[in-house]
Amino acid sequence: MRPSRWSRFDLHGSPYLFIAPFFLLFTAFGLFPLLYTAWVSLRSWDLTGDAGFVGLDNYSRLLGDPDFWNALVNTLGLLVLATVPQLLLALIVAALLNRPLRALLLFRLGVLAPIVTSVAAVAIVFGQLYGRDTGLVNGLLGLVGVSPIDWQASKLTSWIAVSSMVNWRWTGYNALIYLAAMQAIPRDLYEAAQIDGAGAIRQFRNITVPLIRPALIFTVVMSIIGGMQLFTEPLLFGQGDVSGGSLRQFQTIAMFMFEQSFQNFDYGYGSAVAWMIFLLTVLVGVINLLIGRRLRGGTQ
Amino acid sequence: MSARWIIPAIGTAVALVAVAGCGGSGGDDAAADGTITLTVKTFSQFGYEDLYKEYEASHPGIKIKADNIAKLADYTPKLQQWLTAGSGAGDVVALEEGILVKLMAKPDQFANLLDYGAGSLKGNFLDWKWNQALTTDGSKLVGLGTDIGAQGMCYRSDLFAKAGLPTDRDKVGALWPTWDAYLATGKKFAGANTGASFYDTSGSIYQNILMQQGDTTYFDRSNKLIVDSNPGVRKAWDQTISMVDAGLSGKLQMWSPAWNAGFKKGTFATIPCPAWMLGIIKDQAGPENAGKWDVARVPGEGAVRGGSFLAVTSQSKHPKEAAELAKFLTSPEGQTAAFKAKNNFPSAPKAIDDPAVAGAKNEYFNNAPVGQIFGKSAKELKPVYLGPDNQQVGDAIGDALTAVEQGKLKSEEAWTKALADAQRAAGK
């Protein structure tokens, strides 16, 4: 009896055991916080404790909160400034790395260096570069006659500073993903194109880009998810001020959530913001998917 | 790009597990032999290590378990978790002033220390410190005061000499009996073109002026927002704006690299400095600037920034013993010991007058008699009621001031915006 029961369990039960660790961890640290946050977001809960169920009050307050809309605009603005140049640049870098070069390995590893640098260190260095009085950027601009810029004072300048941090850090990572995809493209396609008289740029546009589209879509999605949650760079750019500048010039929605939850200790409201970020990320993801599908349909 | 979000998530998860672990271990507080273990939760440095030993020695049967979290920002959310969960907070908890005023709105998570004979200790504390932890109807005492951020005005004597101003700390203090006189001195300083600004940032100047307006600031005692009708707030705002207009501000953000570097390079001449800032100035300015920084009195009457309290949780199983321990730690003797250990400036007048505190001098600051200067400013301050949303309203006004400094808003626009933000912060 015993061996056969054991082997039956081994056959039917053990696969579940093997996948169980992930699902247990996901339930404890992924699913549970998500649902618990949803529950808290329906309650009035501050430092003095849970003051009861308030329905969707936190959400309606959120929709009427100009600081939330400001943070959303900032997040989307930073998303554009930190994604578009980054992915274009990554594409160019990948194309260059895909050619026979001297010390190729060095360059390929070199583009990874920014990712292994700690975000805090990056932010401190960039904070110094964009310093108002003694920053290197203002020093260089001074050479061409531009008067010193207070980078934190206005929206556009602070966005440029923060997005340059993000771009610097993630361009290499995306370039490597593109490079991996490019190496999978069969060489004979290029040879055929060359015989047909297509130049390097034309080959890039008509062969490389279409064939690495899955990688492109992947990086766009990942960049958008990261961008929607942008937190550390703008926080450290403002020296740890979660309100993101005197007039909330560079406060992202993740910072807004943190401010409400852990500075004002308004946990119910903070949880509503967290859920709104989640819903917005899903929404942007769906839009992205639709556009991706449209593009795919269009070229085939 | 998502990779960087996984790491903080794992960190948080680990922290949560660690917290759960701490919470679980709190159960063994009454051992079989009748020994009572009291858990004390503190943040930063309270300087209690020797006091714990002393208390255990004089109270056989009591053991103290000390839990310290280095950063206040990490401590506060955990404290909230413990309080909400109804376990894990231990017996005695340290409460920073900003947290205390929030919790005063609903003090039932803490034992009433008046029930444990703390009422007779009123004379041990500065009046305003005592009142901060007392409910407005006077029926419940939530905490006993520990330290306070008594302030002086630190200044660069070499820059003062360059500007033709006196450098002796008594004469410097005599330059600014009031904030108007401080403004006039600042104008004189600015006129001398030393290349340095008169002070670092307007936020702390405003805060100092505000706290001297007395009685109430943003909220009245029934927690109604009075920021728009309290003349003291507007006066502090106007006085600060006139200093910005006179070009006295260095427009530096506190804790920014430029602010830190400013101590060494002498980019500003004065800064209101609480007791705890002296160490920061010494570290930032470095040994080569020893003796260049000095401490004088603050303009106006009295100046304190922040401070802390000890409270007994209502989840404590031994509130009586915990209250005794809190009384011991906050006694004048306890506060003097904490000052000796970590320079935490006492809130007990008797400790302030103790030779160990009153006679304290700071070598780096030209042997300034900091014990006397800080003690005087702490005793002169009149009680001010803060209200639970004090910090949020204060942040709104502070941000508006920064916007004026940055030239992004005119004074009136900034004031209107600050009021609107304050109303939103308080009106939720």
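This tour moves through the two domains of chain A, the interface between chains A and B, the two domains of chain B, and one buried residue.

The structure is a predicted model, in which local features need pLDDT of at least 70 and side-chain atom pairs count only at pLDDT 80 or more, while totals for chains, interfaces and linings use all residues. Residues are numbered from 1 along each chain as its sequence is written, chains are lettered from A and ligands numbered from 1 in the order in which they are written, and side-chain values use heavy atoms, with hydrogens and water left out.

**Stop 1: the domains of chain A**

Select residues 7–53 of chain A as domain 1 and residues 57–299 as domain 2; such bounds come from an automatic or database domain assignment. Taken over C-alpha atoms, the centres of these two domains of chain A are 31 Å apart. Where they meet, 10 residues of domain 1 of chain A are in contact with 10 residues of domain 2 of chain A, contact meaning heavy atoms within 4.5 Å.

The area buried between the two domains of chain A is about 830 Å², with 67% from carbon and sulfur atoms. Buried area is the accessible area (1.4 Å probe) that two parts lose on being put together, summed over both. Now highlight A:Leu34, A:Ser41 and A:Leu47, which supply 46% of the area that domain 1 of chain A buries against domain 2 of chain A, more than any other three residues.

Between these domains of chain A there are 0 salt bridges, a salt bridge being a side-chain nitrogen of Lys or Arg within 4 Å of a carboxyl oxygen of Asp or Glu.

Colour α2 (14–40) and β1 (43–46) of chain A next: each supplies at least two residues of the side of domain 1 that touches domain 2. The helix α2(A) gives the most to that side, with 4 residues. Helices (H or I, at least four residues) and strands (E, at least two) are DSSP runs, numbered from the N terminus.

**Stop 2: the interface of chains A and B**

Display both chains; the contact takes 46 residues from chain A and 35 residues from chain B. About 3,400 Å² is buried between chain A and chain B, of which carbon and sulfur atoms give 58%. On the chain A side, select A:Leu47, A:Thr48 and A:Ser246, which lose the most area to chain B, together 20% of what that side buries.

The interface of chain A and chain B has 2 salt bridges. Centre the view on A:Asp65 and B:Arg424, whose side chains meet in a salt bridge (3.0 Å, N to O). Between chain A and chain B, 9 residue pairs are in polar contact (both at pLDDT 80 or more).

Several elements of chain A each supply at least two residues of the side that touches chain B, among them β1, β2 (49–53), α4 (66–97) and α9 (155–183). The helix α12(A) gives the most to that side, with 4 residues. By class, the side of chain A that touches chain B has 15 nonpolar, 20 polar and 11 charged residues. Here Ala, Val, Leu, Ile, Met, Phe, Trp, Tyr, Cys and Pro count as nonpolar, Asp, Glu, Lys and Arg as charged, and the others, Gly among them, as polar.

**Stop 3: the domains of chain B**

In chain B, select 33–148 + 306–358 for domain 1 and 150–303 + 376–427 for domain 2. Their centres, taken over C-alpha atoms, are separated by 30 Å. In chain B, 13 residues of domain 1 are in contact with 16 residues of domain 2, and the area buried between the two domains is about 1,200 Å². Highlight B:Val101, B:Lys102 and B:Trp128, which supply 38% of the area that domain 1 of chain B buries against domain 2 of chain B, more than any other three residues.

Across this interface of chain B there is 1 salt bridge. Select also B:Asp353 and B:Lys379, whose side chains meet in a salt bridge (2.7 Å, N to O).

**Stop 4: B:Ile373**

Finally, select B:Ile373 in helix α17 (residues 370–380) of chain B. Not counting residues up to four places away in sequence, B:Ile373 touches B:Gly152, B:Arg169, B:Val295, B:Ala296 and B:Arg297.

Terms used:
A polar contact is a pair of N or O atoms within 3.5 Å; within protein, one must be able to donate a hydrogen and the other to accept it, and residues adjacent in sequence count only if both atoms are side-chain atoms. Buried means under 20% relative accessible area, exposed over 50%, partly exposed in between (1.4 Å probe, protein chains only).
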